[in-house]
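The stops below follow one another.

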Amino acid sequence: MDLKPNHNSPILSDPAPITKSRLGVHSNMLPYSAAPGVGFAPNLLLITRKRTGVLNDVRASIWLDAMKSSSPPPNRIAKDVVNELPSFDPDLLYCSWMVKYPSALASFDQIVTQAKGKRIALFLDYDGTLSPIVDNPDCAFMSDAMRVAVKEAAKHFPTAIISGRSRDKVYEFIGLNELSYAGSHGMDIMVSDKHSTNDQGKEVMFQPASEFLPLIDEVYESLIEIAKGIAGAKVENNKFCVSVHYRNVDDKDWNALANRVYDLLENYPRLRVSHGRKVLEVRPVISWDKGKAVTFLLESLGLSNCDDVLPIYVGDDRTDEDAFRVLKERNCGYGILVSSVPKESSAASYSLREPSEVMEFLKSLVTWRALEEGLNE
């Protein structure tokens, strides 16, 4: 895989808000009209750095729309549709969306049928997947019951956490040595030797963006300064990326915060900005993401043979789409999107509503595997 940074790449942002035609409702009932002149690429909207006249206003509008769509409040999408179609309630919309992304719990038998005779490899996001989304990112603690469920899963399956957090931070939250950890959206990987069949059981560390560390530290200090004047803004250093959280920022200040981040990044063409759930992520411009991290982990663990392994990736964020796509393209695994509201088109195969359902799914996998192993004895 090409790990060379692209110094000329534009800032990357996420797509415009979800449109009603993507909810699975018949197109004649919910017509879709795209904004003229706006082109979409999978999960990425390219925004030029040039800022002149009307273009600057367009850029500001796009950024604000992307920030609003990155973490919609509960039932916001549903209410928009309900205003036009009174007969559609939030539950109906979610059920319609689930026709394309069925519950992984309701489809559990189908999933494990595909897993028979194969080794399952588990990949899990952290925030919003193993822990609830909270106002203070420093308090995103997983429950003791979830920790037990993850630990039990790791006894039966190679299990890795792939998070936007720094690897040290996510390990501090989870505290399990049985897992492999990939922090900074997969740019800081430590492979556990527990399940590895390569390298004589030695731990493997991989940091494809190590040359960017001085630059990330420099930008982190600058971002702290520009965020000081905006109430509720929080800047988090995740080692190979920097997160600017705006969950506690008043809506009217979102645009100002985005513009400050954008203006700063104009001086750093080797860095890019993308959107997560009420967070702006500043990352190195390299050809690396959570999907490539999954591929690396499978190879490092000796699990890259699709005929023998069934990878399952569970995540709730836009950055997890890269991993979903990898499994879909390899045609050898399943992506499971965690969301309690309909989202725009995803490369995931199944869905779960919230972390409590993720825990139930993990427990079900462990029970199924234990039963299968007992029958084979």
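**Stop one: a tyrosine pair and its surroundings**

Select Tyr334. Tyr334 has a relative accessible area of 14%, so it is buried (under 20% relative accessible area; exposed is over 50%, partly exposed in between; 1.4 Å probe, protein chains only). This is a predicted model: local features need pLDDT of at least 70, side-chain atom pairs count only at pLDDT 80 or more, and totals for chains, interfaces and linings use all residues. Residues are numbered from 1 along each chain as its sequence is written, and side-chain values use heavy atoms, leaving out hydrogens and water.

Ile111 sits in helix H4 (residues 108-115); helices (H or I, at least four residues) and strands (E, at least two) are DSSP runs, numbered from the N terminus. Ile111 is buried at 1% relative accessibility. Beyond neighbours within four places in sequence, Ile111 is in contact (heavy atoms within 4.5 Å) with Ala104, Leu310, Ile312, Tyr334, Tyr350 and Phe361.

**Stop two: the rings**

The structure holds 12 aromatic pairs. Rings of Phe, Tyr and Trp (its six-membered ring) pair if their centres lie within 6.5 Å; planes under 30 degrees apart are stacked, over 60 edge-to-face, the rest tilted.

Select Tyr334 with Tyr350. Their pair is edge-to-face, 5.3 Å centre to centre and 75° between the planes. Tyr334 lies in strand E13 (residues 334-338) and Tyr350 in strand E14 (residues 350-352), so the pair ties together parts 16 residues apart in sequence. Tyr350 is buried, at 4% relative accessibility.

Last, select Tyr94, Trp97 and Tyr101: ring pairs link them into a cluster.
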